[in-house]
Amino acid sequence: MKKKHLEIILDQLKPHPKPKASLEQYTIEGRLASEILFFAKDDIEGSAVVDLGCGTGILAIGAKLLNAKKVIGIDIDEESIGVAKENAKKVNVNVDFYCMDVADVDANFIKEICGDLKIVVIQNPPFGSQKRHADRIFLDKALEIGDVVYSIHNAGTKDFVVKYVNEKGGIITHIFQGSFKIPHIYEFHKKEVIYIPVNIFRIISNK
């Protein structure tokens with residue numbers, strides 16, 4: 001599959017009908033999602049992919065379309081999980097979606113599902129603007145369950161992420177730059193659309 005083709009498919013998926021600001025629910029657009037997934041393509045193929053905070057399932061579904069052997073999507077919001085299941089059905093891919101708090105995910109539970117497959121975590125965590133340190137919760141869990149982690153973070157937090165991952169024993173092998181499109185979806189937004197610079201980190205965990 002070509003990157004542009006994947007972008008088109010992902011942009012046609014249903015977004016969250018009523019995103020919640022408290023959960024920092026922003027749908028990742030197909031352009032950035034396809035860039036990240038192709039960046040991670042060699043790790044994805046034939047592996048188990050876990051999307052923490054999967055939202056409406058865009059990264060999880062994209063990973064399955066790029067030949068992940070097994071894909072799991074986890075999100076705390078029931079409405080997001082419902083839309084994610086609809087989206088997976090729409091493009092005829094098999095993804096296991098679970099409604100639970102990322103902090104409560106049991107590494108043994110994930111391992112039991114994935115068996116001997118390499119586990120690749122691909123996540124778009126909250127930036128922590130609504131709930132302080134929300135990004136740390138996601139990083140901790142990703143490093144706990146994944147062999148390889150791809151994580152999206154606000155570009156302004158680069159030094160923090162590098163320091164935090166190093167302290168946790170992870171090894172950052174690549175940093176990929178992108179921009180995250182945020183349309184006017186919440187009352188506090190002032191502009192119709194803005195683009196936030198982001199970094200996508202590829203991390204080898206030390207679990």
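Hi everyone. Let me start with a definition: a residue counts as buried under 20% relative accessible area, as exposed over 50%, and as partly exposed in between. Tyr98 has a relative accessible area of 25%, so Tyr98 is partly exposed. Please keep in mind that this is a predicted model.

Now, what does Tyr98 pair with? Its partner is Phe109, in an edge-to-face aromatic pair with 5.3 Å centre to centre and 85° between the planes. Tyr98 sits in strand 3 (residues 96–99) and Phe109 in helix 6 (residues 107–114), so the pair ties together parts eleven residues apart in sequence. Phe109 is partly exposed too, at 29% relative accessibility.

The structure holds four aromatic pairs. Another one is Phe160 with Tyr164: ring centres 5.4 Å apart and planes at 35°, so this pair is tilted. These two are four residues apart in helix 8, which means about one helical turn separates them. Are they buried or exposed? Phe160 is partly exposed at 27%, while Tyr164, at 11%, is buried. There is also a cluster, in which ring pairs link Phe39, Tyr150 and Phe176.

Let's stay with helix 8 and bring in its neighbour. The axes of helix 7 (residues 134–145) and helix 8 (residues 158–167) come within 11 Å and cross at roughly 40°, so helix 7 is oblique to helix 8. Their crossing is right-handed. On the helix 7 side, the contact is made by Asp135, Arg136, Leu139 and Asp140, and on the helix 8 side by Phe160, Tyr164 and Val165. By type, the contact residues are four nonpolar, three charged and no polar. Thanks, all!

Definitions and conventions
Residues are numbered from 1 along each chain as its sequence is written. This is a predicted model: local features need pLDDT of at least 70, side-chain atom pairs count only at pLDDT 80 or more; totals for chains, interfaces and linings use all residues. Side-chain values use heavy atoms; hydrogens and water are left out. Axes are lines fitted to C-alpha atoms, for helices over the stretch in contact, and angles run from 0 to 180 degrees between N-to-C directions. Angles under 35 degrees count as roughly parallel, over 145 as roughly antiparallel, 65 to 115 as roughly perpendicular and the rest as oblique. A crossing is left-handed if the near helix is turned anticlockwise from the far one by less than a right angle, and right-handed if clockwise. Contact means heavy atoms within 4.5 Å. Ala, Val, Leu, Ile, Met, Phe, Trp, Tyr, Cys and Pro count as nonpolar, Asp, Glu, Lys and Arg as charged, and the others, Gly among them, as polar. Rings of Phe, Tyr and Trp (its six-membered ring) pair if their centres lie within 6.5 Å; planes under 30 degrees apart count as stacked, over 60 as edge-to-face and the rest as tilted. Buried means under 20% relative accessible area, exposed over 50%, partly exposed in between (1.4 Å probe, protein chains only).
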